Amino acid sequence: MPAEIRKTLLHVENTLIEGGKVAETPLKMIAAIAVITNPWAGKGFVEDLKPGILDCAPGLGSLLTDMILDAAGGGDKVEGYGKSAIVGVNGEVEHGSALIHTLQFGNFYRNAVGAKSYLSFTNTRGPANASLQIPLMDKNDGGKRSHYLTIQTQIADAPAPDEIVIALGASIGGRPHHRIGDRYQDLKELGHDVDNPAAV
């Protein structure tokens, strides 16, 4: 059975002024969110999660990707991206992880925006109104610190104990007035090889 979706939400945040200074280019952050019934709710400990993953993850990945693309104006506009899940208190963190940490979910988004990087993520458990945090990074360059961002929001009535909140996040642009450089500058200053940043 496909995911049973109780509601979807679209969160759009535009930052026009940061640090008291007008942003040359406003930052837009978008979260596409689905509140679903936990497909493993009431079944006790489920050893094999794959049938539920195959039932639910592709449809969720497709739906949330389409919501992001509509709000962003196309995949080419998306610069930063990430994903998140909050499992209601009757479920396991593994249930949320199962639905977002699969190519059956993430590849819809990755392909639609032409990304090379992995999707940064959080997966947590919590009650209704728990903080939903979606960490973002540049879709093609994990070392580009300007796009290290976090979308933060919450849903007053979700997740219920037997629900999961599933979300994708996007940014159009990076932090306004970013001025901490990137990891490549640090590596150069430390004398480390980019391909071996820990120097081991």
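Buried means under 20% relative accessible area, exposed means over 50%, and partly exposed lies in between (1.4 Å probe, protein chains only). Strands (E, at least two residues) and helices (H or I, at least four) are DSSP runs, numbered from the N terminus.

The model is predicted, so local features need pLDDT of at least 70 and side-chain atom pairs count only at pLDDT 80 or more, while totals for chains, interfaces and linings use all residues. Residues are numbered from 1 along each chain as its sequence is written, and side-chain values use heavy atoms, leaving out hydrogens and water.

**Exercise 1.** Find which side chains of strand β6 (residues 149-154) are buried.

*Solution.* Next, follow β6: Leu149, Ile151 and Thr153 point to one face and are buried. Finally, look at the partner strand: β5 (residues 131-138) runs antiparallel to β6, and six bridges join them. (Strands pair if DSSP finds at least two bridges between them.) Isoleucine 134 has isoleucine 151 of β6 as its bridge partner.

**Exercise 2.** Work out which elements build the largest nonpolar core.

*Solution.* Begin with the term: a nonpolar core is a set of buried Ala, Val, Leu, Ile, Met, Phe, Trp, Tyr and Cys residues joined through side-chain atoms within 4.5 Å. The largest has 32 residues, and Leu60, Leu99, Tyr109 and Ile166 have the most contacts inside it. At least two of its residues come from each of β2, α1 (50-72), β3 (80-87), α2 (93-100), α3 (103-113) and β7 (163-172). Helix α1 gives the most, with eight residues. Now zoom in on leucine 60: beyond its neighbours within four places in sequence, its contacts (heavy atoms within 4.5 Å) include Ala34, Leu99 and Ile166.

**Exercise 3.** Decide whether proline 159 and valine 22 are buried or exposed.

*Solution.* Take proline 159 first, in the loop between β6 and β7. Its relative accessibility is 2%, so proline 159 counts as buried. Then turn to valine 22, in strand β2 (residues 21-37). Valine 22 has a relative accessible area of 59%, so this residue is exposed.
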